Amino acid sequence: MRSISLTFGLLGLFAPASNAQGRIWYADGENSQDLFGSSLEILPDLDADGLPEVLIGAYGHMCGPSASPTDGAVYEFSESGAQLDEWYGTEELLGVALARLGDVDQDGVDDFALGASAWRDPTKGPATGRVHVISAKAGATLFIVQGNLPDMSFGAAVAGLPDYDGDGYPEMRFS
């Protein structure tokens with residue numbers, strides 16, 4: 001399984017108020033090259049246990065056919081510690097950035113973005129980058145936004161914003 005420990009410093013988010021500041025739960029990376037915990041995002045309660053979920057990026061995880069250190073992975077955990085879902089990249093640094101976006105697909109649950117800044121567009125060149133927009137309810141990709149220039153590293157930063165233009169959909173910022 002995983003061997004590197006990531007202890008959450010978000011004690012106030014998941015724990016009731018108390019004088020004790022012990023570990024609530026932890027998740028492990030497979031090795032130090034995984035960069036497990038390099039990005040983190042809190043999601044709404046998706047498994048109906050009354051507690052929020054957490055996305056954890058490991059953009060150094062090797063998982064593609066070539067087992068490249070630029071593949072990347074993102075894991076979704078329940079606050080109880082159960083792993084709920086996972087996404088794997090292929091030579092793209094998937095999980096370098098994560099963001100809760102708001103309800104993009106209008107299913108009543110906030111969705112999220114997974115940045116992949118090293119993705120290579122076959123026609124535009126290396127490190128074009130892309131962002132996967134994921135339905136939190138279904139775990140499926142809603143759409144992908146791609147960078148348009150080589151070495152742009154699009155997806156290195158992602159953010160969800162409120163609905164500024166009043167169309168009923170949250171705004172998103174990717175760079």
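Ala 48 sits in the loop between β3 and β4. Strands here are DSSP runs of E, at least two residues; helices are runs of H or I, at least four residues; both are numbered from the N terminus. Phi of Ala 48 is near 60°, a positive value in a residue other than glycine. Most residues other than glycine have a negative phi. Is Ala 48 buried or exposed? Ala 48 counts as exposed, because its relative accessibility is 71%. The cut-offs are these: buried is under 20% relative accessible area, exposed is over 50%, and partly exposed is in between, with a 1.4 Å probe and protein chains only.

A word on the source. This is a predicted model, where local features need pLDDT of at least 70 and side-chain atom pairs count only at pLDDT 80 or more, while totals for chains, interfaces and linings use all residues. Residues are numbered from 1 along each chain as its sequence is written, and side-chain values use heavy atoms, leaving out hydrogens and water.

Now the whole chain. We have 1 helix and 12 strands. Along the sequence the pattern reads β-α-β-β-β-β-β-β-β-β-β-β-β. The protein chain has 175 residues, and 43% of them count as buried. Next, contacts, meaning heavy atoms within 4.5 Å. Take those between residues at least 6 apart in sequence: 45% join residues at least 24 apart. The accessible surface is about 8,500 Å², and carbon and sulfur atoms hold 52% of it. That area comes from the Shrake-Rupley method with a 1.4 Å probe; for residues, only the protein chains shown count as cover.

How confident is the predictor? pLDDT is its confidence in each residue, from 0 to 100. The protein chain averages 84, and 81% of the residues score at least 70. Over residues 1-18 the pLDDT is below 50, yet this stretch has 46 contacts in the model beyond near neighbours in sequence. Where pLDDT is low, the predicted coordinates should not be read in detail.

Back to single residues. Leu 35 also has a positive phi, about 60°, although it is not a glycine. Leu 35 lies in the loop between β2 (26-29) and β3 (39-43). With a relative accessible area of 37%, Leu 35 is partly exposed.

Leu 35 is one of the residues that Ala 58 touches. Where is Ala 58? It is in strand β4, residues 53-58. Ala 58 counts as buried, because its relative accessibility is 0%. Leaving out residues up to four places away in sequence, its contacts include Phe 36, Gly 72, Tyr 75 and Leu 94.

On to the rings. How many aromatic pairs does the structure hold? There are 4. Rings of Phe, Tyr and Trp (its six-membered ring) pair if their centres lie within 6.5 Å; planes under 30 degrees apart are stacked, over 60 edge-to-face, the rest tilted. Phe 36 and Tyr 75 have ring centres 5.7 Å apart and planes at 50°, so this pair is tilted. It links distant parts of the chain, 39 residues apart: Phe 36 in the loop between β2 and β3, Tyr 75 in strand β5 (residues 73-78). Phe 36 is buried at 12% relative accessible area, and Tyr 75 is buried at 1%. With Tyr 88, they form one aromatic cluster.

Note on methods: pLDDT is the predictor's confidence in each residue, from 0 to 100.
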